[in-house]
Amino acid sequence: MFMTLKKYHQLKREILIFLIAIFCLSLFLKIYFLSVVSILGIVLFVTLIYSNKQLSDEREITVRRQAVDFAFTILISTLAISSFILILPLSTGWSVFDKGEYLYIESIGIIFAYLVISLIILYSLAYFFFNRKSGGNDNEK
Amino acid sequence: MKNNLKIYRAKHSLTQENLADKLDVSRQTIIAIENGKYLPSITLAFKISKLFQVKIEDIFIY
């Protein structure tokens with residue numbers, strides 16, 4: 001099993017602490033939209049995942065993996081498209097944002113691009129490692 | 001894939017809860033298998049067949 005039940009519960013606690021920390025920080029910095037989003041995240045996380053006391057078995061592990069696959073695909077696609085939209089038009093001159101006026105938008109695009117590339121590299125390495133671990137590179141003897 | 005889990009469970013007078021306890025899975029998993037919404041792993045399929053003392057193919061129809 002990739003993740004033990006103990007580790008899974010620990011991870012759930014850590015995610016909840018992270019969400020609460022983001023909420024407190026956003027209140028402190030007066031970023032109210034982030035506060036609302038983090039509250040929404042906390043409510044969804046607590047009601048759908050954290051309070052779920054059912055026995056963790058192979059079906060639940062399968063469901064968890066499907067959820068991770070789905071979330072990863074959506075996240076990386078969104079980040080990739082966002083980075084493309086934010087970077088490309090600025091350098092080609094047909095942007096809705098005028099070059100120079102919204103430099104921070106270009107910066108966000110560059111950060112997104114780095115993030116996407118990092119995730120792709122991480123995924124490739126993880127795929128290689130797990131494929132090798134489960135006998136994917138073994139030759140017939 | 002169809003299966004006869006519900007029939008074998010009824011033959012042995014087991015509730016979904018009892019069967020789940022014996023197989024060390026949740027009741028939701030038993031419901032999902034019976035309704036054909038979840039295909040169990042080969043380990044769980046063997047556990048089920050061993051519990052009912054029948055072959056796997058008697059329970060799971062391919």
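Predicted model: local features only at pLDDT ≥ 70, side-chain atom pairs only at ≥ 80, totals over all residues.
Chain A contains 4 helices and 0 strands. Read from the N terminus, the order of its elements is α-α-α-α. Chain A has 141 residues, of which 6% are classed as buried. Among the contacts in chain A with a separation of 6 or more, 44% join residues 24 or more positions apart.

The contact between the chains involves 6 residues of chain A and 8 residues of chain B.

In chain B, the buried residues of helix 3 are B:Thr29, B:Ile30 and B:Ile33. Viewed down the axis of helix 3 of chain B, these buried residues lie within an arc of 100 degrees and therefore line one face of the helix. An α-helix has 3.6 residues a turn, so residues three or four places apart point the same way.

Just after helix 3 of chain B, B:Gly36 adopts a positive phi of about 75 degrees. B:Lys37 is located in the loop that runs between helix 3 (27-34) and helix 4 (42-52) of chain B. B:Lys37 is classed as exposed because 11 C-beta neighbours lie inside 10 Å, and the cut-off for this class is 12 or fewer. Between B:Lys37 and B:Leu51, which are 14 residues apart along the chain, the C-alpha separation is 21 Å.

Definitions and conventions
Residues numbered from 1 in each chain as written. Chains lettered and ligands numbered in written order. Helix = DSSP H or I, 4+ residues; strand = E, 2+ residues; numbered from the N terminus. Buried ≥ 20, exposed ≤ 12 C-beta atoms within 10 Å, placed from the backbone. Contact = placed C-beta atoms within 7 Å. Arc of directions from axis to C-beta.
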